[in-house]
Amino acid sequence: MELKPVNPTVKTPAQNFTGDVYLTPVYNGTEPSRMTVALVRFTPGARTNWHSHAVGQTLHVTEGVGLVGTRDGTVLRVRAGDTVICPPGEEHWHGATTDTFMSHLAMLEALPGGQDPTTWVEPLADEQYRAANQHHG
């Protein structure tokens, strides 16, 4: 058994996010585990770029209200206690609503060789984000 101290919180890189987003690493697996867990905190209006995960991603909302969207236009409104399972390879985005904070645990696995499983693509357009907020109000 091992007690891990709290990891420092870092501001996420601006090239992959819109708005202010903070990440606190919780766990990074060592072989054979490939699990990564992070607590991600989104300020109101902040969200990820479009991205996908080779082995999928599970999001568990711990605070606030958020949005998770996919390329086909589906948008889920999520609240504390909700869990969203994003399948491998599905491009999606997630973030806070315009007027609330949202925090979630992001759980994902590295590839078998240890490579980064996340593929980042372009930012979510402001008009798509605004529409997502309105349609799910």
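A charge sits over a ring if NZ of Lys or CZ of Arg is within 6 Å of the ring centre and within 35 degrees of the ring normal. Keep that in mind for the opening stop, and remember that you're looking at a predicted model.

**Stop 1: charges over rings**

Select Arg71 and Trp50. Arg71 lies over the face of Trp50, and the distance to the ring centre is 4.1 Å. Now pick Arg47 and Tyr129: here Arg47 sits over the face of Tyr129, at 4.1 Å from the ring centre. Leave Tyr129 on screen, as we'll come back to it.

**Stop 2: aromatic pairs**

How many aromatic pairs does the structure hold? There are two.

Start with Phe17 and Trp120. Their ring centres are 5.3 Å apart and the planes meet at 55°, so this pair counts as tilted; the label edge-to-face is for planes over 60 degrees apart. Colour the strands and you'll find Phe17 in strand S2 (residues 17-18) and Trp120 in strand S12 (residues 118-120), so the pair ties together parts that are 103 residues apart in sequence.

Trp120, with 31%, is partly exposed.

**Stop 3: a cis peptide bond**

Zoom in on Glu31 and Pro32. The peptide bond going from Glu31 to Pro32 is cis, and its omega is near 5°. Look either side of Pro32 and you'll see that its loop runs between strand S3 (21-28) and strand S4 (35-42).

**Stop 4: the largest pocket**

Rolling a probe the size of a water molecule over the atoms shows where empty space is left. Here, the largest pocket has a volume of about 510 Å³.

To find its centre, select Leu23, Ala38, Leu108, Thr118 and Trp120, which lie nearest to it among the 29 lining residues.

Which elements give two or more residues to the lining? They are strand S1 (10-11), S3, S4, strand S6 (51-53), strand S11 (102-109) and S12. S4 gives the largest share, five residues.

Finally, colour the lining by class: 14 residues are nonpolar, 13 are polar and two are charged.

Definitions and conventions: Residues numbered from 1 in each chain as written. Predicted model: local features only at pLDDT ≥ 70, side-chain atom pairs only at ≥ 80, totals over all residues. Heavy atoms only, no water. Phe/Tyr/Trp six-rings, centres within 6.5 Å; stacked < 30°, edge-to-face > 60°. Helix = DSSP H or I, 4+ residues; strand = E, 2+ residues; numbered from the N terminus. Buried < 20%, exposed > 50% of the residue type's maximum accessible area, 1.4 Å probe, protein only. 1 Å grid on protein atoms, 1.4 Å probe; cavity = no way out; pocket = protein on both sides within 12 Å on 5 of 7 lines; lining within 4 Å. Points joined across faces, edges and corners; volume = space filled by probe spheres on them. Nonpolar A, V, L, I, M, F, W, Y, C, P; charged D, E, K, R; others polar.
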